[in-house]
Amino acid sequence: MVEAWIRSLIHVKHVKDLTLVNCFRPFLVTSILTLDLPPKSFSHPNLKSLHLGRYTLKDPHGFDNCWNIKQLKLIAVFAEIEVFNVVLMSCPSLEVLVVDLHCHKQSGPLKIENRNLKFLFLSCSQIDGIEVATPSLEILTVKSLSCEIEKFVIANPNFQFNRNYWATGQLYPHTSYYIACPPDQDKTSIGHEVMMSEPSEYMKFYASMSVSIDLTNTKEVDMLKEVLAAWPDEMQELEILFKNSNVPRKEGETPMGRTKRKFWEETKPFPNGHFRVHTVWLFNFSGSKEEFALASRLITQGTVVMTMKIQPASISLSNKLEIEAAVTKLKELPKGHTELSIVMF
């Protein structure tokens, strides 16, 4: 019956978005339905988005030749690791992948290789490791993993962050976000749209986040502001990695993407008056006008509660005194929280 229904929806009705969730009574294993579908069940060119929830996958045949699927969500899905890997290989056009997987036994790593993937959400148990090869990935959210950090390998030149899911020692959910928005691009990325579409799902209270940003690109600044403004009121850690384009500019130089409105000249709190984070890490700090303005606002408006840690950029010795002077000025600012400490390392 389920097989006939799925075929009717996809191959007769030509639906573009399909959500199929098994409603079962908790703690009753016999009520978990096993999907044993014929080959190419999900391969119709009209089907672009697929969400499966609370099923066991016996084999991957239903996903054969699924070039059509752009967004795939597998939530509370049980299978052998080999089945998951074949499913992901069979969907090479994925731009969004959300997985909450449960393997029957530990037997090798989960392999995610996709050149088009922009957004990746991971929550996996009973896995030996994860290998991610996604050169276009912009957002990686890790909710829960059973493997150690040594068994998590990601091949992406943009993800050069210092903090991650394991960094705090408490295994809080962690999001890594490489913000990339060309100045002449009107639409934000699909990854950003997905993240903002379900903030309660992807932005967790007391989680941590790493973000890479060009503060001279106002579109990227706006995207960061949107994410932080939508986050629950309290975050454990926030790492901000300044891109090299943030270094001081020559007089009269105007970077692309710059507008007359400058975020450091606004009177409203950034991102808002409610967001709080216990520890802020500022990496690649050059002491530029934009970086100093952002750091000072986080300090004076009470956004950072306990510690701000600053690592200078690897630049010439002549700029060392300028950076140290900027950090000294930050320490002298009136603090939104009296117990706040500011350190350079």
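Before the pairing, one definition: two strands pair if DSSP finds at least two bridges between them. Keep in mind as well that this is a predicted model.

Take strand 9, residues 130-133. Strand 9 pairs with strand 11 in the parallel sense, over four bridges. Within that pairing, Val-132 has Ile-154 of strand 11 as its bridge partner.

Those two strands belong to an open sheet of three strands, ordered 7-9-11, with parallel pairing. At the edges are strand 7, 110-113, and strand 11, 152-155, each of which pairs on one side only. On average, neighbouring strands in this sheet are turned by 5° against each other, direction ignored.

Now the chain as a whole. The protein chain has seven helices and 17 strands. Of its 345 residues, 48% are buried. Among contacts with a separation of 6 or more, 61% are between residues 24 or more positions apart.

Last, the cysteines. How many disulfides does the count come to? The count is zero. The cut-off here is 2.5 Å between cysteine sulfur atoms. For Cys-91, the closest cysteine sulfur is in Cys-66, at 4.7 Å, so that pair is too far apart for a bond.

Is Cys-91 buried or exposed? Cys-91 is buried, with a relative accessible area of 0%. Cys-23, on the other hand, is exposed, and its relative accessible area is 69%.

That's all from me.

Note on methods: Residues numbered from 1 in each chain as written. Predicted model: local features only at pLDDT ≥ 70, side-chain atom pairs only at ≥ 80, totals over all residues. Heavy atoms only, no water. Buried < 20%, exposed > 50% of the residue type's maximum accessible area, 1.4 Å probe, protein only. Contact = heavy atoms within 4.5 Å. Axes fitted to C-alpha atoms, helices over the stretch in contact; angles between N-to-C directions.
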